[in-house]
Amino acid sequence: MDTKTINQKGWLYVLPVVVLVAFNAIIPLMAVVNYSVQETFGNNVFFFEGVKWFEQVLHSERFHASLLRQLAFTGIILAIEVPLGVAIALAMPRRGPWVSVCLVLMALPLLIPWNVVGAMWNIFALPDIGMLGRMLNGLGLHYNYTQQPLAAWATLIAMDVWHWTSLVVLLAYAGLSSIPDAYYQAAKIDGASSWAVFRYIQLPKMKRVLTIAVLLRFMDSFNIYTEPFVLTGGGPGNSTTLLSIDLVKIALGQFDLGPAAAMSIIYFLIILALSWIFYTVMTRGEGPS
Amino acid sequence: MRRLLPTLYILFLMLPVYWLVTMSFKPTTEILGSFTLWPQAFTFENYVKIFTDPTWYNGYINSLIYVAINTVISVVVALPAAYAFSRYRFLGDKHLFFWLLTNRMAPAAVFALPFFELYSAIGLFDTHIAVALAHCLFNIPLAVWILEGFMSSVPKQLDETAYLDGYSFWRFFLRIFVPTIAAGIGVAAFFCFMFSWVELLLAKTLTSVAAKPIAATMTRTASSSGYELGLLAAAGTLTFIPGAVVIYFVRNYIAKGFALGRV
Amino acid sequence: MARIALQGLRHSYLAHPQSEQDWALKRLDLEWEDGGAYALLGPSGCGKTTLLNIISGLVRPTEGQVLFDGIDLTDVATDRRHIAQVFQFPVVYDTMSVYDNLAFPLRNRRVPETEVRETVQQIARMLDLEDMLRMRAAGLTADGKQKISLGRGLVRADVNAIMFDEPLTVIDPHLKWQLRSKLKELHQRIARTMIYVTHDQTEALTFADKVVVMHEGMVVQIGTPIELFEKPHHTFVGHFIGSPGMNVLPCTVEGDKAILDGQHVTVQNPPTAALDGKRIELGIRPEFVSFAADGLPVAVVKVSDAGRYRIVETRHGTSRVNLLVDPDVAVPGYGAKLRFDPAYTRLYADGWLVE
């Protein structure tokens with residue numbers, strides 16, 4: 001169905017886009033690459049250091065720890081948000097007056113500024129004056145997310161699930177809505193069970209949307225900064241210091257340009273590699289569409 | 001029974017929201033002093049403070065300004081680019097498209113310091129346009145991706161017929177093509193607005209006073225020891241409004257399922 | 001095997017229908033003989049798909065009953081009515097092979113694998129799908145997929161009737177007739193009731209032994225293709241069937257004679273009762289109109305060549321009259337007069353045949 005004409009004039013049309021994006025992407029990245037291979041002692045004097053910073057970062061325990069925390073975080077929320085979102089989308093009616101209302105309410109968390117999300121949960125989970133904190137402690141749990149790493153993690157994950165599951169729901173619901181009624185009717189006639197309907201009709205038809213949902217959630221959770229920062233600041237201690245938080249600490253906090261730059265590049269490469277792996281795995285077996 | 005899950009989920013979503021909103025109507029004494037599910041001493045004082053203090057309400061205005069600028073820029077430049085990707089093949093087009101998408105997956109943290117230096121160097125530090133431009137890094141690829149999807153489902157015969165009828169390219173584009181993909185433009189604008197409105201790190205990094213977004217004003221208060229929790233809650237509650245308004249306008253599209261064009 | 005009866009059926013998609021227009025299906029009683037090949041013919045929106053879905057159980061009728069062999073199945077679910085349905089566009093399970101698609105309804109009913117294999121092979125052979133059994137269903141063309149849909153209906157031994165809801169809609173034109181012949185051949189082989197919904201008269205008239213013509217939620221006529229052609233019970237049937245359709249001319253009645261433009265016209269069905277207040281029309285097919293020395297004066301407007309004959313369009317006042325002539329018959333330039341064959345000229349009151 002590809003009936004595109006070869007037209008090098010196309011470059012003119014994409015020029016504004018290329019300029020704006022390149023300005024924001026290439027120049028800073030060039031600066032980052034620059035810093036990553038140089039050392040400075042101030043006064044804008046730089047010395048070339050080769051791969052010293054890369055080695056330092058790659059061998060640093062601090063980096064390993066942050067990376068591990070990040071992988072754990074992303075893994076957990078993917079494992080929760082994707083099945084949960086799909087389950088909610090499946091449980092929703094296919095049409096009717098409630099659908100709009102539900103979808104609108106579900107979309108609300110997606111449009112709240114990320115710092116407000118963090119602040120909201122920060123207050124909500126406060127052990128003494130927050131609703132959640134009070135409830136949990138009232139039930140007998142000894143809960144204080146500002147001091148206990150486990151509680152901090154649980155709160156962080158709850159916050160992210162609260163924040164982003166709706167994205168999966170909306171995407172999955174969109175995929176489900178595109179299934180014509182005739183499929184369900186035919187399945188009825190064929191005597192298929194609801195599990196069979198899910199496995200042979202709904203899941204295959206949702207595959208494309210789910211791929212988008214998983215990729216988006218993977219990328220965004222791997223890059224997350226604001227919400228956890230406002231919620232816990234990376235603490236208690238550095239138990240919830242995820243990759244971005246650590247990077248910003250080093251770059252803007254300590255102004256360690258070299259290590260920050262090297263870490264940035266490694267960070268970017270990791271996410272590119274993992275995204276590519278995810279993408280390939282999820283679209284495996286799909287021919288040209 | 002099946003409806004139980006969505007119902008519980010929505011209740012779960014509304015709980016923190018409810019808590020924040022009720023807190024915004026409580027005086028600080030009540031917040032710190034006792035635990036109440038509904039404001040005992042219902043008060044508007046927090047909102048009054050926000051609407052009368054320029055440092056607060058300017059925060060909203062600043063945010064809305066740069067979000068609007070960014071949405072307009074992103075969609076406007078994305079339109080011709082998406083058209084080119086949809087209709088033409090040119091040297092390096094696939095690679096270019098892929099490169100654009102990689103920017104969407106870049107960690108904002110990586111760009112915090114470089115942006116700070118870059119925009120300072122060109123004298124745009126602490127301006128609305130700086131944040132608007134910085135957000136282009138993520139929003140333009142997204143807009144191009146969404147628009148290309150919608151454009152590809154418009155048959156080429158439309159273009160050809162218009163040319164046969166004597167339309168010049170721009171007249172065709174503006175008068176015929178754009179109205180056809182109006183839904184796609186709406187979706188792209190929605191996502192650009194959404195992302196720019198919610199993003200904090202870059203917005204905070206690139207501003208200090210003049211273009212300070214509401215997000216930054218709020219964080220100033222968040223770290224204080226709780227005196228101004230009510231104020232914080234009110235400020236947070238007010239940030240729901242633009243989002244709610246936007247959702248209201250696209251509610252029919254949400255019900256129809258985004259229709260991302262690629263879905 | 002079953003004879004299907006619809007009694008007192010009426011259906012509205014609205015919760016509280018008020019007027020006649022709110023009913024998608026007006027009251028009807030219908031019987032489908034066991035093993036018949038039926039076509040349900042009518043324009044879009046006439047209610048044929050609604051009727052089909054009521055028979056198969058996908059829609060529950062607002063009023064009335066659906067009986068299979070005398071047993072009331074109105075409230076029985078689709079999968080227990082022993083029917084199969086082929087939809088407008090192919091419904092296949094993309095992730096399964098053609099074999100698994102065909103086996104699916106049997107496996108759901110816990111049929112033993114050996115029997116499954118036998119049946120699937122047999123049906124695949126009937127539908128020329130044998131070579132493709134191992135292929136992924138998603139990879140077939142539209143007509144192949146429709147065959148799979150059909151096959152899933154045929155594999156079940158207990159199927160009473162097969163419904164077709166405009167099944168050739170997405171098939172390429174040059175494959176349509178192939179599939180149509182296959183369906184006809186199948187019907188002759190397996191002798192099960194087949195109900196074929198379509199808005200295409202060619203499909204209906206070539207497939208069916210009996211055609212049920214529907215218009216605005218009503219069954220207008222049931223008959224063999226010949227009956228529908230030669231004796232339409234309703235002007236709509238006259239219009240819809242045949243190309244060009246029947247000519248319909250407004251006229252008046254005096255006693256038992258029809259008057260057209262001041263002239264007396266002999267009709268096959270002179271009225272026996274009074275027809276006051278009704279809209280009277282004369283219906284005659286172009287095949288039965290000819291030029292004559294004396295008759296209805298008309299002006300010739302257009303002559304089209306259709307190969308074996310020519311279609312002449314004439315005008316009388318505001319009415320149009322079409323007729324078919326042999327290629328070697330001369331078409332008068334002016335002063336043309338038309339003669340209607342009395343055996344096929346009929347009176348219609350308010351659209352319905354006067355009897």
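Predicted model: local features only at pLDDT ≥ 70, side-chain atom pairs only at ≥ 80, totals over all residues.
Biologist: Which pair of touching chains has the most contacts?
Modeller: Of the two pairs of chains that touch, A and B have the most contacts between them.

Biologist: And how far apart are chain B and chain C?
Modeller: Chains B and C do not touch, and their nearest C-alpha atoms are 17 Å apart.

Biologist: How many residues does each side bring to the contact of chain C with chain A?
Modeller: Chain C contributes 16 residues and chain A contributes twelve residues. On the side of chain C, strand S6 (83-86) and helix H2 (98-108) each supply at least two residues. The largest share of that side, three residues, comes from H2(C).

Biologist: What classes of residue make up that side of chain C?
Modeller: The side of chain C that touches chain A has eight nonpolar, four polar and four charged residues.

Biologist: Let us stay with chain C. Into which domains is it divided?
Modeller: Domain 1 of chain C covers 4-236, and domain 2 covers 244-353. Their C-alpha centres lie 38 Å apart.

Biologist: How many residues of each domain are in contact with the other?
Modeller: Six residues of domain 1 of chain C are in contact with nine residues of domain 2 of chain C. The domain 1 side of this contact consists of two nonpolar, three polar and one charged residues.

Biologist: Is helix H4 of chain C mostly covered or mostly open?
Modeller: H4(C) is mostly covered, with eleven of its 13 residues buried. Among the buried residues are C:Lys145, C:Lys147 and C:Arg152, as well as C:Ile148, C:Leu150 and C:Leu154.

Biologist: What covers them?
Modeller: The cover over the buried residues of H4(C) includes S6, H2, helix H3 (113-126), strand S7 (161-165) and helix H5 (173-190) of chain C. Both S6 and H2 of chain C also supply residues to the side that touches chain A.

Biologist: What span should H4(C) have, and what does the model give?
Modeller: At 1.5 Å a residue, the 13 residues of H4(C), residues 142-154, should span 18 Å. The end C-alpha atoms of H4(C) are 18 Å apart, so the model agrees with that expectation.

Biologist: Which residues does B:Ala78 touch, leaving out its neighbours up to four places away in sequence?
Modeller: B:Ala78 touches A:Val17 from chain A, together with B:Ile140, B:Ala143, B:Val144, B:Leu147 and B:Ala188.

Biologist: What does chain A consist of?
Modeller: Chain A has twelve helices and three strands. Its C-alpha trace spans about 75 × 70 × 30 Å along the principal axes, and 43% of its 289 residues are buried. Of the contacts in chain A between residues at least 6 apart in sequence, 70% join residues at least 24 apart.

Biologist: What confidence does the predictor assign to chain A?
Modeller: The mean pLDDT of chain A is 86, and 96% of its residues reach 70 or more.

Conventions. Residues numbered from 1 in each chain as written. Chains lettered and ligands numbered in written order. Contact = placed C-beta atoms within 7 Å. Helix = DSSP H or I, 4+ residues; strand = E, 2+ residues; numbered from the N terminus. Buried ≥ 20, exposed ≤ 12 C-beta atoms within 10 Å, placed from the backbone. Domains from an automatic or database assignment. Nonpolar A, V, L, I, M, F, W, Y, C, P; charged D, E, K, R; others polar. pLDDT = per-residue confidence, 0-100. Expected span 1.5 Å × (residues − 1).
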